[in-house]
Amino acid sequence: MMRLVILGNSHIAAPRLAWAELAERHPGVEIRFFGGLQTVLAAMTLDAQGQFGLHAGAQISDHDRAKTLDLFGALSIDLSGIDALAFCGLDWGIDEILALTDGFDIDGLIESGAPRHLSARAFDAFARDVALRSLPDAVWQDWNGRKILMPRPLPPTRVQDSDSDWAEAWRRVTPRGMGRVMQRYRDLFAEGAAAQGYALCYQPAATLTAQGLTEDRFNQLPPKFGNLKLPRRADDRVHMNAGFGALWLDSLIDQLANAATDEPTLTEITGG
Amino acid sequence: MTSPYADLPPRAFWRSAVAGRGGADPVDLWQPKFAISPQARIVTAGSCFAQHVGRALKQAGFAVMDTEPLPAEIPDAVAQRFGYRLYSARYGNIYTARQLWQLIREARGKMTPALPVWQRDGRFFDAQRPGVEPDGLDSPDLVLAHRAEHLAAVRQAFGRAEVLVFTFGLTEAWLHRETGTVYPTAPGTVAGDFDPEVFAFHNFDMAEVLADFERVRSLLRARNPDMRFLVTVSPVPLTATASGQHVEVATAYSKAVLRAVCGTLVARHDDVDYFPSYEIITSQAARGQFYDANLRNVTERGVETAMRLFLQAQGITPPLTGAEPPATGTRGGERGAEVVCEDALLEAFAR
């Protein structure tokens, strides 16, 4: 039996919903989910006994405490004796990279008429710093066992129809041909993660369009997003559904079983 | 009997103003000729010590220009390793007035430096600012393209500035024999190859430095007649000299020339003021405490003292120490000084 814990923010909903259907296909795998919205997750700590969660003194409202209990049935989770720990929905800094490329073309990676140029070495240095700042807290560096990062999915194609501020950089991704930049950042992020003992499980290639964004169908959320009561808005262009979660979990389980992954190569994406 | 010294204030006498002040700050060392408004657009340039000046001004809320900005999320330590956030444009250290004059003329299309691209280990460097890309670029064309973009930023910085804060650093420089192009570093230190047939050592004298800065002043005031200048002299001694003199003697000459130039400029022009950071750091009253163990690098305390006096004289309440995380992108062994100093690379040739 492989015992896996997936910690995460709101993005945990997709694999959690999927697991209800998938579990019987993986009888040798036990998965437990735990986490909370980003603000709640940030208040969680790991104690010396391997309990991760909201401990005494956590700066959090009674409402959020109750919500955590409602969502996960407990305020903490026992991580002792597990085989692997996955961090789902990690903000891996890709938005910051996009913001950087808004103002700069990067030598050898992208030439789209941005007002200024950044050398490839400077980009690498800045991107390494973004990656380093995006990794989980230092406390996890000493964690004994397999650690896998599941970076936040790329937004769906329909993000380019959104007029929100957040979507601004993503609206320009396809016409600018960001494939090589994103692939380079993935490589640097993987380097930084590996140096701290993390493996990576990106969203599967099957969830991406040729333009490098997530297929819209994975962002079509049901009226009731399970019973997880996670925030859902009509214009949600961030969270993915159980279909997405199933593919992601399959990929993760394959990876943990040392099977080949289907990690996409973004340089092959049209417009890269 | 009367004496012209009879009615002078205590600050005019060594015994009371220096020997008698103990460890106290020389609060009346500098009486600014003009106040610098927090809204005045400031362009900073100069030797590595100028980075401290620029940083202190920024921390105090002055409008120090940055015409080649990076997103705020990128930490200073990372940005500064690539020459960002050191000065108002990404020109790196400008050690001589001749280089400053040359840069402004180049930015205005009035001159083109000779041998603009230097090479090292198959990588290509901007000879006028070899430190800003520590690993160099892929091709000479790329270096020139980056430089063209940089020159536009230089035009913007010097074209819009209302105050130039410049720290004179060195008198010694390396010139292209045929054209007189001056370089910030000796060829063969950061990049490039030294060929004595191509490059020549030059130790600028007072008349030359003065003339160079006068040209800078004229160029800038021609565009902005209200432009003002705050000049300083770096208290950091030479890392090495190519003059043939002992490095200590060469340092004394260099600083004396630069200090004399500043004094002359201040005497000549109402729009030029001199901030005595050099005197603060090197003062006998400081008993060497503002220098690091290598007797060259200025300690953080020395920098803080100088900049505190600057701000106090300008009527600004200095920000709390440590209000901004210190940069850690130090190169060249300037521990505590937290500056990027190409000339410190000359240490590599020390015997």
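User: Which residues does L252(A) touch, not counting residues up to four places away in sequence?

Analyst: In this predicted model, L252(A) touches L4(A), I6(A), A86(A), I148(A), M150(A) and C201(A), with residues up to four places away in sequence left out of the list.

User: And which residues have the most contacts inside the largest nonpolar core?

Analyst: They are I6(A), L118(A), F126(A), F189(A) and L252(A), and the core as a whole has 89 residues. Apart from that core lies another one of 45 residues, which includes L151(B), F158(B), V209(B) and L210(B).

User: How many helices and strands does chain A have?

Analyst: Chain A has nine helices and ten strands. Of its 272 residues, 54% count as buried. Among the contacts in chain A with a separation of 6 or more, 73% join residues 24 or more positions apart.

User: What is the accessible surface of chain A?

Analyst: The value for chain A is about 11800 Å², and carbon and sulfur atoms contribute 49% of that area.

User: Moving to chain B, what is the secondary structure there?

Analyst: Chain B comes to nine helices and ten strands. Buried residues make up 53% of the 351 residues in chain B.

User: What radius of gyration does chain B have, and what would a compact globule have?

Analyst: Chain B has a radius of gyration of 20 Å, which agrees with the value near 20 Å that a compact globule of 351 residues would have. Along the principal axes, the C-alpha atoms of chain B fill a box of roughly 70 × 45 × 40 Å.

User: How many positive and negative side chains are in chain B?

Analyst: There are 36 positive and 40 negative side chains in chain B, and the centres of these two sets lie 4 Å apart. The accessible surface of chain B is about 15300 Å², with 53% belonging to carbon and sulfur atoms.

User: Let us look at helix 4 of chain B. Why is it described as largely enclosed?

Analyst: Helix 4 of chain B covers residues 97-107, and ten of its eleven residues are buried, so the rest of the structure largely encloses it. The buried residues are A97(B), R98(B), Q99(B), L100(B), W101(B), Q102(B), L103(B), I104(B), E106(B) and A107(B).

User: What do those buried residues of helix 4 pack against?

Analyst: The partners, from chain B, are strand 1 (41-46), helix 5 (140-160), strand 5 (163-168), strand 7 (182-183) and helix 6 (206-223). Just after helix 4, G109(B) takes a positive phi of about 75 degrees.

User: What about helix 2 of chain B: how many of its residues are buried?

Analyst: Nine of the eleven residues in helix 2 (residues 49-59) are buried, so this helix of chain B is also largely enclosed by the rest of the structure. F49(B), A50(B), Q51(B), H52(B), V53(B), G54(B), R55(B), A56(B) and L57(B) are the buried ones. They pack against strand 1, strand 2 (63-64), strand 5, helix 8 and helix 9 of chain B. G61(B), which follows helix 2 of chain B, has a positive phi near 95 degrees.

User: Where does D121(B) lie?

Analyst: D121(B) is in the loop between strand 3 (117-120) and strand 4 (123-126) of chain B. Its phi is near 50 degrees, a positive value in a residue other than glycine.

User: Is D121(B) buried or exposed?

Analyst: D121(B) counts as exposed because its relative accessibility is 73%, and the cut-off for exposed is over 50%.

User: And where is L295(B) placed?

Analyst: L295(B) is in the loop between helix 8 (277-282) and helix 9 (300-313) of chain B. Although L295(B) is not a glycine, its phi is positive, at about 60 degrees. L295(B) is exposed, with a relative accessible area of 64%.

User: What is L170(B) in contact with, leaving aside neighbours within four places in sequence?

Analyst: L170(B) is in contact with Y95(B), T96(B), L238(B), S254(B) and L258(B).

Definitions and conventions: Residues numbered from 1 in each chain as written. Chains lettered and ligands numbered in written order. Predicted model: local features only at pLDDT ≥ 70, side-chain atom pairs only at ≥ 80, totals over all residues. Heavy atoms only, no water. Helix = DSSP H or I, 4+ residues; strand = E, 2+ residues; numbered from the N terminus. Rg over C-alpha atoms; globule rule 2.2 N^0.38 Å. Buried < 20%, exposed > 50% of the residue type's maximum accessible area, 1.4 Å probe, protein only. Areas by Shrake-Rupley, 256 points an atom, 1.4 Å probe, with all protein chains shown as cover. Lys, Arg positive; Asp, Glu negative; His and termini not counted. Charge placed at Lys NZ, Arg CZ, Asp CG, Glu CD. Core = buried A, V, L, I, M, F, W, Y, C linked by side-chain atoms within 4.5 Å. Contact = heavy atoms within 4.5 Å.
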